[in-house]
Amino acid sequence: MRTLIAAFTLALAMAPQAATAQQAPATCPEGRTLQGTCVNPVLAQAARTIANVRGQSRLSYFILPVLPSQDNAARDPTLRNLRAFYEIDVVHP
Amino acid sequence: MVKRYVTALGIAAITLPTWAVDLAAQPVGTAVQVSSGWALVFDTEARYTSWSGPRGFPNSYAPGTPARGSLFHMPMAMALTGLVNPDLKLELLARTGFVEARQNAGGGLVGSVRTMTDTVVSGTVTWLGTPGIQPFFALNANLPTGSAYLNGTSAFARMDPDLVEVPTFGEGFNLGATLGANVPIGENSMATFSISHTHRGGFTRDPTDIFGGPDTRIQPGASTSGTAQLAHLMGALLLRAAATYTYTSATRIDGGLAVIQGDSFALTGTAAYTWSPEHQTTFTAAYSHTRSNANFILALNQFQREAFNSNSNALRLRLDHSWRVTQDWTLGVYGTWFNRDANAYIPTAFQFIPAKTKWGLGGSARYQLAPNAAITGRFEHFWVSQSSRPDIDFGGIIPGTAIPALSFTGWTVSLGGNITF
């Protein structure tokens, strides 16, 4: 009897997770959360892009590894100005 | 000249995309690619900027007054995104462009350049097979297809990066890698941690000194950084914050150790609110602080931290609002404010970057040509107020090197688009 009660309690505890897993779609474009639901693709893609752009801000003086239409969102003058001057500025004549 | 620009704008108009993953939030009306199939995107934009002011650049050249300049820039890129298998995502991107810049100021400060820009190629793989964590690895390269070396007066085409988006036209071969992971916390929150390292190759450029010396060989220092992010979606409100710490190694000039740029700390925050399916407002703030540099002192044969921090703090605020007028049309307005709080001194070039405030106001219109193609036009007007600077003091004042307060105005217009296959 005790074993049956324990099994019933365990089944009740796991029921919500099983239900969630059943509801999750077969394919998630950005993977799954620990609960088995799909990761929000907007959050995931933007986070990767930010990591790439900000982490490698010195890859290029002005070209970002994003599409040109994303420049307005990705470009940050606080990261590039002085660096660009530092190594490539010219003083003439 | 005008005819060439019109042609370029026309090409841009018929070849456009919309696949953008906005770093702040998805603009109203922008579709998100969630298909497990492959998507090929071609994206380009033609941008033209014109500015005028009381002095040319560099501002220390007193006879260079009055001044005006222009920049035509046409970046273009292709991106391929898809799932190699259900657990592995691949994102590839290649981007290059064309630029034409000209400055026309008094005293002979006149120059122009027309060249390809450098080319950036990027590849990112993301492992999707482990619930609760999605690690990714990105490898990027800057290919030196531009022009780092500018002959004669064409060097005068280098302009203030606060006035034009392309302040220089080439550098060396750079290679960067980022290793990170997205850690979803439920469906609506995400933490992301990443580390990056960028190796920067050497390049030869025209002389950087004020005495007409020989060509200069620059060997920029490598940089290593760590970034932490947190994003949270709370109903109609998206909040996002990111912090980046960057360490840079020594830069060599003509083979000799020159300087270690101070470590920098950058913060950015975004709040985006979707009022209705048609209206969305986004506010972004970005701040950076750089510690003092260490200059190589030949007599001591060692680096020495500068006595005062010659780097300045920079802050930018931006407010955007987009309005989806119809199924096909989306209009946008935005305002930006940028401030550099103190004069920054660049020892290798005997150059000061002055304290500055820049305002910008702009608008955009986007038209969805087809489910897989859109065009976007933008217009912006900007105003720059630059602080005065006293005479340079290198243990003794150099008369005549002071720069008065200056004001610049300018505008930028662009037309771009993308198409997805």
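This is a predicted model: local features need pLDDT of at least 70, side-chain atom pairs count only at pLDDT 80 or more; totals for chains, interfaces and linings use all residues.
Figure 1. You'll find Asp254(B) in the loop between strand 13 (251-253) and strand 14 (256-260) of chain B. Its phi is positive, about 55°, although Asp254(B) is not a glycine. Most residues other than glycine have a negative phi.

**Figure 2. Asn301(B), another non-glycine with a positive phi.** Here the loop to look at is the one between strand 17 (294-297) and strand 18 (302-305) of chain B, where Asn301(B) is found. The phi of Asn301(B) is positive, at about 55°. Is Asn301(B) buried or exposed? Asn301(B) counts as exposed, since it has 8 C-beta neighbours inside 10 Å, and the cut-off for exposed is 12 or fewer.

**Figure 3. Strands 14 and 17 of chain B, side by side.** Zoom in on this pair from the sheet and you'll see that strand 14 and strand 17 of chain B run in the antiparallel sense, paired over 2 bridges.

Figure 4. Most peptide bonds are trans. The bond from Phe57(B) to Pro58(B), though, is cis, with omega near 5°. To find the spot, follow chain B into the loop between strand 1 and strand 2, where Pro58(B) is found.

**Figure 5. Arg324(B), a buried arginine.** Arg324(B) is in strand 19 (residues 314-324) of chain B. How many other C-beta atoms lie within 10 Å of Arg324(B)? There are 21, so Arg324(B) is buried, as the cut-off for that is 20 or more. Look for Pro277(B) as well: Pro277(B) and Arg324(B) are 47 residues apart along the chain, yet their C-alpha atoms are separated by 7.8 Å.

**Figure 6. The largest nonpolar core, with pieces from both chains.** This core has 57 residues, and those with the most contacts inside it are Leu43(A), Ala47(A), Ala101(B) and Val166(B). Chain A gives two or more residues from each of helix 2 (41-55) and helix 3 (71-74), while the contributors from chain B include strand 1 (39-53) and strand 3 (88-105). The largest share, 8 residues, comes from helix 2 of chain A. Now pick out Ala101(B): leaving aside neighbours within four places in sequence, its contacts include Leu71(B), Met159(B) and Val166(B). In soluble globular proteins, nonpolar side chains tend to be buried together.

Figure 7. The mean pLDDT of chain A is 71, with 56% of its residues at 70 or more. Among the elements of chain A, helix 2 has the highest mean pLDDT (94), and helix 1 (residues 2-23) the lowest (46). Over residues 7-22 of chain A, pLDDT stays under 50, and the model has 4 contacts beyond four places in sequence for that stretch. Residues 81-93 of chain A are below 50 too, with 39 contacts in the model beyond near neighbours in sequence.

Methods. Residues are numbered from 1 along each chain as its sequence is written. Chains are lettered from A and ligands numbered from 1 in the order in which they are written. A nonpolar core is a set of buried Ala, Val, Leu, Ile, Met, Phe, Trp, Tyr and Cys residues joined through C-beta atoms within 7 Å. Helices (H or I, at least four residues) and strands (E, at least two) are DSSP runs, numbered from the N terminus. Two residues are in contact if their C-beta atoms, placed from the backbone, lie within 7 Å. pLDDT is the predictor's confidence in each residue, from 0 to 100. Two strands pair if DSSP finds at least two bridges between them.
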